[in-house]
Amino acid sequence: MNCGEAQSLIEAFIKDELSMRKTKEFIDHIESCGTCREELEVRFLVEMTAAELDNETDLDYDFANMLKNRIVEKKRRIGNYTLLAFLILLVSAVLLVLAFYYFIIL
Ligand SMILES: [Zn+2]
């Protein structure tokens, strides 16, 4: 992913509208590119401030931490998803092997 693409996805990322694959590519880019990370931080701050004004709450959020937590949470979810896909693949392989043996024995 290049900077142009990453920056065009910032809003979708903040609004949680990216697919799992795009989220992973986005986070990979953000973690290796200071320019886009700063851009994300600024846009995230603006979005959160606006959301807070809408809610008329006066909670003192730590926005930088919120963003960090969000990225950690996304990565955890992507990790779980990858593990699940791997387990499904493993079970399928085992079933295929069992089916194959069954077929041979008959
Ligand atoms: Zn970049």
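His29 is buried, with a relative accessible area of 10% (buried means under 20% relative accessible area, exposed over 50%, and partly exposed in between, with a 1.4 Å probe and protein chains only). The model is predicted, so that local features need pLDDT of at least 70 and side-chain atom pairs count only at pLDDT 80 or more, whereas totals for chains, interfaces and linings use all residues. Residues are numbered from 1 along each chain as its sequence is written, and side-chain values use heavy atoms, with hydrogens and water left out.

The zinc ion is coordinated at 2.0 to 2.3 Å by His29 (NE2) together with Cys3 (SG), Cys33 (SG) and Cys36 (SG), donors being N, O and S atoms within 2.8 Å of the metal (3.2 Å for Na, K and Ca). The angles among the four donor atoms run from 98 to 114 degrees, and the site is tetrahedral, a term that requires all angles of four donors to lie between 85 and 135 degrees. Because Cys3 lies in helix α1 (residues 3–14) and His29 in helix α2 (residues 20–32), this pair ties together parts that are 26 residues apart in sequence (helices are DSSP runs of H or I with at least four residues). Cys3 is partly exposed at 36% relative accessible area, whereas Cys33 is buried at 12% and Cys36 is buried at 0%.

Within α2, the buried residues are Thr23, Phe26, Ile27, His29 and Ile30; seen down the helix axis they fall within an arc of 165 degrees, and therefore line one face of α2, the arc being that of the directions from the axis to the C-beta atoms. On the other side of α2, Arg21 and Ser32 are exposed.

Definitions and conventions: Tetrahedral: all angles 85-135°; square planar, octahedral: opposite > 155°, others 65-115°. Helix = DSSP H or I, 4+ residues; strand = E, 2+ residues; numbered from the N terminus.
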